[in-house]
Amino acid sequence: MHDDHEAPRNEGGEVRSGRVETREERADRKWAELLQEVRVTQTGVQILFAFLLAVAFTPHFQSLGHVDRSIYVVTVLLGAAATGALIAPVSLHRIVTGRRLKPETVDWASRFTVAGLVLLLCTVASALLLILRVVVADATALWLAAAALIWFATCWFVPAAWLFHRSRREG
């Protein structure tokens with residue numbers, strides 16, 4: 001009988017060290033996981049991007065100074081770049097579907113997703129800087145936006161980097 005705390009074994013009784021998947025099965029699983037992740041981030045970036053686009057048409061926008069308008073332009077461009085990177089996996093998949101390139105597609109889609117997350121991080125920080133400059137002193141806005149940037153980077157990337165480093169050290 002198999003104990004729940006015992007490591008899984010193959011037919012020869014040897015301890016297995018992970019999933020038993022073909023290259024294609026692994027690509028299918030990773031693709032499904034990636035799509036779920038991208039759905040979450042796409043929704044967030046699209047809402048933020050729509051908000052940013054609407055800001056230019058508000059009455060208060062005309063009173064923004066040169067620095068704030070420059071921050072706005074950078075923020076919109078970052079939002080557009082994040083949107084592009086986070087939608088890229090879908091178009092990549094659609095274009096190469098049926099050509100037996102799923103593992104390569106998953107690798108590229110993963111790269112686009114990470115790039116999209118970095119761009120989303122920059123978009124959020126830049127948007128916060130713009131908004132905070134309207135409501136608090138410029139120096140305070142810069143410090144608060146930097147703190148938010150550090151917080152997001154800590155939440156989004158530091159645990160993954162730590163786990164990756166730990167797994168490489170143990171493996």
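**A close look at Arg133**

Modeller: Leaving aside neighbours within four places in sequence, Arg133 is in contact with Val67, Asp68, Ile71, Asp138 and Ala141. Keep in mind that this is a predicted model. Arg133 sits in helix α3, which covers residues 102-135. Its relative accessibility is 18%, so Arg133 counts as buried, the cut-off being under 20%. With Asp138 there's also a polar contact, side chain to side chain, at 3.4 Å.

Now follow the chain back to Arg100, in the loop between α2 and α3. Arg100 is exposed, because its relative accessible area is 81%. Its backbone is worth a look too: Arg100 isn't a glycine, yet its phi is positive, about 55 degrees. Most residues other than glycine have a negative phi.

On to the helices. Two packed helices are described by the angle between their axes and the distance between the axes. For α1 (residues 23-55) and α2 (residues 66-96), the angle is about 150 degrees and the axes are 9 Å apart. That makes α1 roughly antiparallel to α2, since angles over 145 count that way. The crossing of α1 past α2 is left-handed. Residues making the contact include Trp31, Val38 and Phe49 of α1, and Tyr72, Gly79 and Leu86 of α2. Sorted by class, this contact has 15 nonpolar residues, seven polar ones and no charged ones.

Definitions and conventions. Residues numbered from 1 in each chain as written. Predicted model: local features only at pLDDT ≥ 70, side-chain atom pairs only at ≥ 80, totals over all residues. Heavy atoms only, no water. Helix = DSSP H or I, 4+ residues; strand = E, 2+ residues; numbered from the N terminus. Buried < 20%, exposed > 50% of the residue type's maximum accessible area, 1.4 Å probe, protein only. Polar contact = N/O pair within 3.5 Å; in protein donor to acceptor, adjacent residues only side chain to side chain. Contact = heavy atoms within 4.5 Å. Axes fitted to C-alpha atoms, helices over the stretch in contact; angles between N-to-C directions. Parallel < 35°, antiparallel > 145°, perpendicular 65-115°, else oblique. Left-handed = near helix turned anticlockwise from the far one by under 90°. Nonpolar A, V, L, I, M, F, W, Y, C, P; charged D, E, K, R; others polar.
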